[in-house]
Amino acid sequence: MANVAVVGAQWGDEGKGKIVDWLSSRADVVVRFQGGHNAGHTLVINGVEYKLSLLPSGVVRQSKLSVIGNGVVFDPWAFIREVNAIKEKGVTVNPENLIVAENVPLILPVHSALDKAREEAKGAGKIGTTGRGIGPAYEDKVARRAIRLCDLTDDAVLVEKVDALLAHHNALFRALGAPEMTPADILEPLREIAPQVLPYAAVVWKQLDELRRAGKRILFEGAQGTMLDIDHGTYPYVTSSNTVAGNAAAGSGMGPRAVGYVLGICKAYTTRVGSGPFPTELTDDIGELIGQKGKEFGVVTGRKRRCGWFDAVMVRQAIKTGGIDGIALTKLDVLDGFDEVKVCVGYRLDGQEIDYYPANAGAQARVEPIYETFEGWKDTTRGARSWAELPAQAVKYVRHIEELIQAPVALLSTSPERDDTILMTDPFAD
Ligand code: IMP
């Protein structure tokens, strides 16, 4: 049975939420395997808007099992807030249709405090994080001092681990001139939230194995995008997890063969939030117009997104490093009405042409895009549900992108509505 992983192929915000939701109608299980509540997915279903950060997008389809895997960093307070917000919209959420890996590391108040204090100390050189404590929580996981969901069942262990955690974090707070925390600052809120979150704790790897063997279809839902991957992205201006599909298995407790088709999501242009290099960024009126038409504001932080032309070199690189089989192209309609549209087809670095994005941060900042210019289209692509409904120039643009990125467009999304989607290849086909 083919399982599918959906990952971002740019800097996040590619419109994964809609595609995951669309695909989840065909899946039995939807799994988040990395990131945390830094992600922001907007789903529009029958005119109702749902904003999700930590919960898998499958949660709005109550008959599906939604899973938060061990590769996620889990903020129990954000989790309960989001569960309650979704319930208020009439969606049934309970431990029958939503489970969390018992070995998931927790994001604690200490992590968001450190995230913010460090960003402040960095001044102009800041990463522009979401301030949710994602990086510090992953640091604690790798340093083997994280408090995990399963630790909430054993108060003696918890007390010991909080002491060890604070010995480390208070030293950092002192160095940053930030207020220190006491064990009670961590323990009391944890003891309060524990009875609310523990019912959702589960042996996820085991349940997924049983579901896989029963032939259930699993959809792995990536957050952020390849260019924010801790290894393959624009380091250090990245998030702190592997966002590529290679992490779907490890981040959920399954083997590498668990993932079948890898669907990469990208916009017909490029956006980025936070700091860091962005070769095709447009700081002129065109960039402003793309931002306005595309409503490019962050779901989590409300920050204005930086906008630019489609970068085929970068997306091709994401396809290679992420093992992406096909692309879902979103927001093509935002380019409707432009006299011309450009696509980056190569870079110039120190006088030389290169066909990949270099790893060195200085080189990443220096590369200049080499563009190909396309004639624009005046007719709208919005809401199209077949190729025949698309203007000829728009089809030409999409076809050329396929050649440049060396991957087929499997899906074309033509509006935020679930049904405004043109399917070329079925990712779930066996
Ligand atoms: P962090 O994940 O909060 O540590 O932020 C690190 C970088 O990733 C910053 O540039 C954020 O803006 C970016 N980032 C994190 N999550 C998302 C997302 O869901 N969409 C887009 N950018 C994100």
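1. Start at Lys-331. Leaving aside its neighbours within four places in sequence, Lys-331 is in contact with Lys-267, Ala-268, Tyr-269, Gly-294, Glu-296 and Ser-413. Keep in mind that this is a predicted model. Lys-331 sits in the loop between β13 (326–330) and β14 (340–349). Its relative accessible area is 24%, so Lys-331 counts as partly exposed. Burial would require a value under 20%.

2. Look along the chain from there. Lys-331 and Gly-362 are 31 residues apart in sequence. In space, their C-alpha atoms are 31 Å apart.

3. Now widen the view. How many salt bridges does a search of the whole structure find? The search finds 24.

4. A salt bridge can also join two helices. Glu-139 pairs with Arg-118, with 2.7 Å between the closest N and O atoms. Glu-139 lies in helix α4 (residues 134–142) and Arg-118 in helix α3 (residues 109–122), so the bridge ties together parts that are 21 residues apart in sequence. Glu-139 is partly exposed, with a relative accessible area of 35%. Arg-118 is partly exposed as well, at 25%.

5. Compare a pair inside one helix. The side chains of Arg-212 and Asp-209 meet in a salt bridge, at 3.2 Å from N to O. Why are they separated by about one helical turn? Because they are 3 residues apart in helix α7 (residues 204–213). Arg-212 has a relative accessible area of 39% and is partly exposed. Asp-209 is partly exposed too, with 27%.

6. Next, helix packing. Two packed helices are described by the angle between their axes and the distance between the axes. Helix α2 (residues 76–88) packs with helix α6 (residues 183–197) at about 45°, and their axes are 10 Å apart. That angle makes α2 oblique to α6. The crossing of α2 and α6 is left-handed.

7. Which residues of the two helices meet? From α2 come Pro-76, Trp-77, Phe-79 and Ile-80. From α6 come Pro-189, Leu-190, Ile-193, Gln-196 and Val-197. The residues of this contact divide into 8 nonpolar and 1 polar, with no charged residue.

8. Last, Gln-364. This residue is found in helix α11 (residues 361–366). Gln-364 has a relative accessible area of 4%, so it is buried. What does Gln-364 touch, not counting residues up to four places away in sequence? Its contacts are Gly-233, Thr-234, Tyr-235, Pro-277, Tyr-357, Pro-358 and Ala-359.

How values were computed: Residues numbered from 1 in each chain as written. Predicted model: local features only at pLDDT ≥ 70, side-chain atom pairs only at ≥ 80, totals over all residues. Heavy atoms only, no water. Axes fitted to C-alpha atoms, helices over the stretch in contact; angles between N-to-C directions. Helix = DSSP H or I, 4+ residues; strand = E, 2+ residues; numbered from the N terminus. Parallel < 35°, antiparallel > 145°, perpendicular 65-115°, else oblique. Left-handed = near helix turned anticlockwise from the far one by under 90°. Contact = heavy atoms within 4.5 Å. Nonpolar A, V, L, I, M, F, W, Y, C, P; charged D, E, K, R; others polar. Buried < 20%, exposed > 50% of the residue type's maximum accessible area, 1.4 Å probe, protein only. Salt bridge = Lys/Arg side-chain N within 4 Å of Asp/Glu carboxyl O.
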